[in-house]
Amino acid sequence: MKNLADCRVLIVDDARANLDILVEGLKADHKLSLAMNGAMALQIAARTPPDLVLLDIMMPDLDGYEVCRRLRAMPETAEVPIMFLSSLEEVQNKTRGFEAGANDYLTKPFDMLEVKARVRSLLKAKAYSDAVKEQMAGELRVARDIQMGMLPHDFTPFERAFGVEFGAVLEPAREVGGDLYGVCSAAGQRLVVFVGDVSGKGIPASMFMVRAISLARLLSREIAEPERILARLNDELANDNPSGMFVTFLCAVFEPASNRLVLANAGHCRPLLLRAGQPPGWAVRNLGTALGFEPGLEFERTELILHAGDSLVFYTDGVSEAFNLEQECYGDDRILAAAGALAEQPASAIPSGLLKKVRAFAGGAPQSDDIAILAMRVSAPAPDPEAFA
């Protein structure tokens with residue numbers, strides 16, 4: 001926790017006499033910055049963010065109320081404690097100060113011992129809050145590393161064994177998120193690909209995501225049909241789901257001996273099918289029902305025959321539901337157009353290319369949802385079945 005002697009207090013008052021009194025009383029205990037008007041205070045706070053602001057109200061140009069509001073609007077000082085020191089002692093003045101964002105209010109003339117006590121109290125509270133936030137940030141970084149470690153990053157073994165290429169990106173809206181994708185091999189020379197999106201964001205979504213991805217891997221080793229994988233996965237999630245969370249999930253099974261791809265969808269965004277010389281289209285027609293609501297659901301299957309050069313693009317709704325500053329949604333039409341322009345690209349370039357187009361559309365709008373994109377491209381003709389013997 002930060003030492004109080006290392007904390008910086010910004011004192012803002014247009015009366016030199018008041019500044020001198022406060023400096024004399026606080027200089028032995030804390031670092032100090034001084035400003036004689038509101039504009040100067042805002043400049044100093046932006047350049048050297050303080051740990052506490054002592055703020056007069058009656059000042060020329062920008063009064064203390066306005067300075068307080070602007071400090072609260074600045075990212076550097078949004079959570080810095082602010083204490084008004086003012087000769088205005090009416091209740092309505094104090095109320096207005098707290099409504100502007102102040103943490104404390106002390107009327108002039110003040111007793112220096114009381115000022116010092118309140119300053120120490122506010123600084124201790126901020127130091128404790130900062131320490132807790134730093135601890136939480138550290139734990140979130142570890143959680144993110146664990147979560148990212150569960151996702152495949154080196155696709156080389158799958159690419160060599162199954163005659164495909166992969167590319168992927170994952171951009172959580174927070175430190176950790178609920179989007180997931182996975183690739184694993186299973187008996188019978190099957191390649192299993194899945195992508196999902198857990199309801200919500202943050203730690204709860206990430207924990208549900210870990211459970212879903214772990215179960216999907218286990219089930220794909222013993223079940224050959226994607227629709228049955230989803231049915232079992234849904235039963236497992238629905239039967240023990242006290243949080244009431246759910247996950248949209250798409251599962252695909254690729255058999256390179258025949259180049260057959262079988263897909264089943266549980267409420268997830270429809271994947272894109274890219275074929276040379278053809279406009280991009282949807283690989284499945286229906287969305288289906290998300291997993292986790294109730295057991296006993298059945299899921300539809302779709303079969304495709306892929307050829308060398310064909311690509312599948314799986315993504316989460318952070319792509320289709322990205323918004324720009326005008327609150328326009330990226331939408332399916334833009335996804336089709338963007339993917340069509342990337343159809344001739346290698347799989348490794350498709351996710352980053354699509355993400356770049358989404359970012360360009362969003363402009364400066366903040367990312368509102370997790371984004372995951374996984375591309376699979378058939379890079380070779382169907383191999384000799386004896387190669388898998």
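Helices (H or I, at least four residues) and strands (E, at least two) are DSSP runs, numbered from the N terminus. By that numbering, T77 lies in the loop between α3 and β4 (82-86). The structure is a predicted model: local features need pLDDT of at least 70, side-chain atom pairs count only at pLDDT 80 or more, and totals for chains, interfaces and linings use all residues. Residues are numbered from 1 along each chain as its sequence is written, and side-chain values use heavy atoms, with hydrogens and water left out.

## A loop residue and its neighbours

Is T77 buried or exposed? Buried means under 20% relative accessible area, exposed means over 50%, and partly exposed is in between (1.4 Å probe, protein chains only). T77 has 1% relative accessibility, so T77 counts as buried. Which residues does T77 touch? Contact means heavy atoms within 4.5 Å. Leaving aside residues up to four places away in sequence, T77 touches A45, P50, L71 and R72.

A45 belongs to helix α2 (residues 38-47). The buried residues of α2 are G38, A41, L42, I44 and A45. They span an arc of only 165° around the axis, so they sit on the same side of α2. That arc is taken from the directions from the helix axis to the C-beta atoms. An α-helix has 3.6 residues a turn, so residues three or four places apart point the same way.

What covers this buried side? The cover includes β1 (8-12), β2 (31-35) and α3 (64-73). On the face of α2 turned away from the buried side, the exposed residues are Q43 and R47.

## How helices pack

Axes are lines fitted to C-alpha atoms, for helices over the stretch in contact, and angles run from 0 to 180 degrees between N-to-C directions.

| Pair | Angle | Axes |
|---|---|---|
| α2 and α3 | about 20° | 10 Å apart |
| α3 and α4 (residues 91-100) | about 20° | 8 Å apart |
| α7 (residues 202-222) and α8 (residues 226-239) | roughly 140° | within 10 Å |

Angles under 35 degrees count as roughly parallel, over 145 as roughly antiparallel, 65 to 115 as roughly perpendicular and the rest as oblique. Residues G38, L42 and A45 of α2 meet V67, R70 and L71 of α3.

The angle between α3 and α4 is about 20°, so α3 is roughly parallel to α4. Here α3 supplies Y65, C68, R69 and R72, while α4 supplies N93, R96, G97 and A100.

For α7 and α8, the angle is roughly 140°, which makes α7 oblique to α8. On the α7 side, the contact residues are F208, R211, A212, L215, A216, L219, S220 and E222. On the α8 side, they are I229, R232, L233, E236 and L237.

What is the hand of each crossing? A crossing is left-handed if the near helix is turned anticlockwise from the far one by less than a right angle, and right-handed if clockwise. The crossing of α2 and α3 is right-handed. So is that of α3 and α4. The crossing of α7 and α8 is right-handed too.

## Backbone exceptions

Most residues other than glycine have a negative phi, and most peptide bonds are trans. D61 has a positive phi, near 65°, and is not a glycine. D61 is in the loop between β3 (52-55) and α3, and is exposed at 82% relative accessibility. N259 is not a glycine either, yet has a positive phi of about 60°. N259 lies in the loop between β9 (247-255) and β10 (260-266). At 7% relative accessibility, N259 is buried.

Which peptide bond is cis? The bond that joins K108 and P109 is cis, with omega about -5°. P109 sits in the loop between β5 (104-107) and α5 (112-149).
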